[in-house]
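Please look at both before reading on.

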Amino acid sequence: MPKKINIAVTGLNAIDSPGPGIAVIRGLREAKSFDVRIIGLAYESLEPGIYMHDLIDKTYQIPYPSTGTDSLLKRLEYIQEQENLDVIIPNFDAELFPFIKLSPKLKEMGISTFLPTESQFEERHKINLPDFGKKYNIRVPHSKAIFSTVEIPGLVQEFNYPLVVKGKYYDAEIAHTPEQVQAYFTKISNKWGLPIIIQQYVKGTEYNATGLGDGKGNAISIVPMRKQYITDKGKAWGGISIDEEEIFNLTRHFIKTTKWRGGFELELIKDFSNSFYLLEVNPRMPAWIYLSVGVGQNIPEALVNLALEEKVEPYTDFAVGKMFIRYSYDMIVDVEEFHKISTLGEL
Amino acid sequence: MKIKKNVAVSESGYIFNPSTGESFSVNPSGIEIFNMVKEQKSYEEISAHFLKKYNTDKDTFEKDYNDFIGMLNHYLLLEKDHAEEN
């Protein structure tokens, strides 16, 4: 009988631009090396995962990262008293930094994590991508951070139009003129703050790779995927597992040279000369992580075992040509449940 | 000329390239040519097979064959060294 462990998971917003939480939980539910009780951690009372009782045993609301680590820690201490958590898996870029900061304290409380180090988290940041590319010898498009619209006219000195206007954490728009850059600068900075990242647009085919690094330079898992159906927000609504040697080489190189610790997603583009560029490093598992389970590499399970300091053998094989096709689904929920999570912060 | 070793065509005519994740559909004649090229049959063997089996002439087949191989090349379904021969 496998041991039962208590795992808290964030990112329960299974919406059109979904958080990875539900996909992570599905992987954990299918783990062969342990049995789980899943505790959901939600920010908003309408995150769909809160109401998915077949996947999540209990959900607690937690404060937004912007409120500071003290209030988050306080809330986690309360949850720990109730639930005796073994592992927490944060799944949002914006909450990773506070969780990385809190991880020693969480460890003292008996809660394990398996997150990138603070320097790994910082150096792969969109703002630092050119230096990251130089340091690790990875091809990246030219980019720079701008803090004011005054800098927009000068961009022609360094970039060719079109270019990509990106938010600090999320959102990206392709701009063909300085006027469009201005409009996207305002729109994205209002939502995610400053700086805005300007990146040279590379025309080509988008690829992604998810994986897991053990923090010592070893790749526990690598699963490359090609997006087949992309939403208006640029999210994959369908994708297929592929076997592209160059993506494996690039991803292995990334894990080895950075000694990456934890789950990640690399966003790549192949231009017309068949060269791969690294567009972004997402420092956590992606929303399509369940594809890794579907192809035979249960990354959420392996990540939990690494967090618990269990021996984890690298995966060596996976099924090529497996597709994921996302769908939306209307749940019927009693208003009492909504009242309960909204007023008590628990369900 | 050589088709990449991990590329195959299904009975229904779907070609899947596992490196790029792209799928293509070909008609029954396409399946036949694809499989014969995959088996490394020569152009002469393939041409003789088609001229015997179908109501076509040598020039038309040559043109169609070259178009088809050109498409395989364009979609990166041929081994690199062999793709450059075309």
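## Terms and basis

Helices (H or I, at least four residues) and strands (E, at least two) are DSSP runs, numbered from the N terminus. The structure is a predicted model, in which local features need pLDDT of at least 70 and side-chain atom pairs count only at pLDDT 80 or more, while totals for chains, interfaces and linings use all residues. Residues are numbered from 1 along each chain as its sequence is written, chains are lettered from A and ligands numbered from 1 in the order in which they are written, and side-chain values use heavy atoms, with hydrogens and water left out.

## Cis peptide bonds and positive phi angles

A:P162 belongs to the loop between β5 (143–146) and β6 (163–166) of chain A. The bond that joins A:Y161 to A:P162 is a cis peptide bond, with omega about 0°. A cis peptide bond also leads from A:L194 to A:P195, where omega is near 5°. A:P195 is located in the loop between α6 and β8 (196–200) of chain A.

A:D171 is not a glycine, yet its phi is positive, at about 75°. This residue sits in the loop between β6 and β7 of chain A. With 34% relative accessibility, A:D171 is partly exposed; the term covers values between buried (under 20% relative accessible area) and exposed (over 50%), found with a 1.4 Å probe on protein chains only. In chain B, B:Q40 likewise has a positive phi, of about 60°, without being a glycine. B:Q40 lies in the loop between α1 (28–38) and α2 (43–53) of chain B, and its relative accessible area of 48% makes it partly exposed.

## A buried glutamine and the helix after it

Is A:Q297 buried or exposed? Its relative accessible area is 2%, so A:Q297 is buried. The residue is placed in the loop between α8 (290–294) and α9 (299–307) of chain A. Leaving aside residues up to four places away in sequence, A:Q297 touches several residues, among them A:I222, A:V223, A:Y315 and A:F318; contact means heavy atoms within 4.5 Å. A:F318 is 21 residues from A:Q297 in sequence, but the two C-alpha atoms are 6.6 Å apart in space. The side chains of A:Q297 and A:S221 are joined by a polar contact of 2.5 Å. A polar contact is a pair of N or O atoms within 3.5 Å; within protein, one must be able to donate a hydrogen and the other to accept it, and residues adjacent in sequence count only if both atoms are side-chain atoms.

Nine of the nine residues of α9(A) are buried, so this helix is largely enclosed by the rest of the structure. At its start, a side-chain oxygen of A:N298 comes to within 3.1 Å of the backbone nitrogen of A:E301. Just after α9(A), A:E309 has a positive phi of about 60°.

## Salt bridges within the chains

A salt bridge is a side-chain nitrogen of Lys or Arg within 4 Å of a carboxyl oxygen of Asp or Glu. By this rule there are 20 salt bridges over all chains. One of them pairs A:K3 with A:E310, with the closest N and O atoms 3.0 Å apart. A:K3 lies in the segment before β1 (4–9) of chain A and A:E310 in the loop between α9 and β14 (323–325), so the pair ties together parts that are 307 residues apart in sequence.

In chain B, a salt bridge of 3.4 Å, N to O, links the side chains of B:K63 and B:D67. These two residues are four apart in helix α3 (residues 58–74) of chain B, and therefore about one helical turn separates them. B:K63 is exposed, at 52% relative accessible area, whereas B:D67 is partly exposed, at 45%.

## Where the chains meet

The contact involves 12 residues from chain A and seven residues from chain B. About 690 Å² is buried between chain A and chain B, and carbon and sulfur atoms give 48% of this area. Buried area is the accessible area (1.4 Å probe) that two parts lose on being put together, summed over both.

Between the two chains the count is one salt bridge. A:R226 forms a salt bridge with B:E22, their closest N and O atoms being 3.4 Å apart. On the side of chain A that touches chain B, β10 (219–230) and β11 (236–241) each supply at least two residues.
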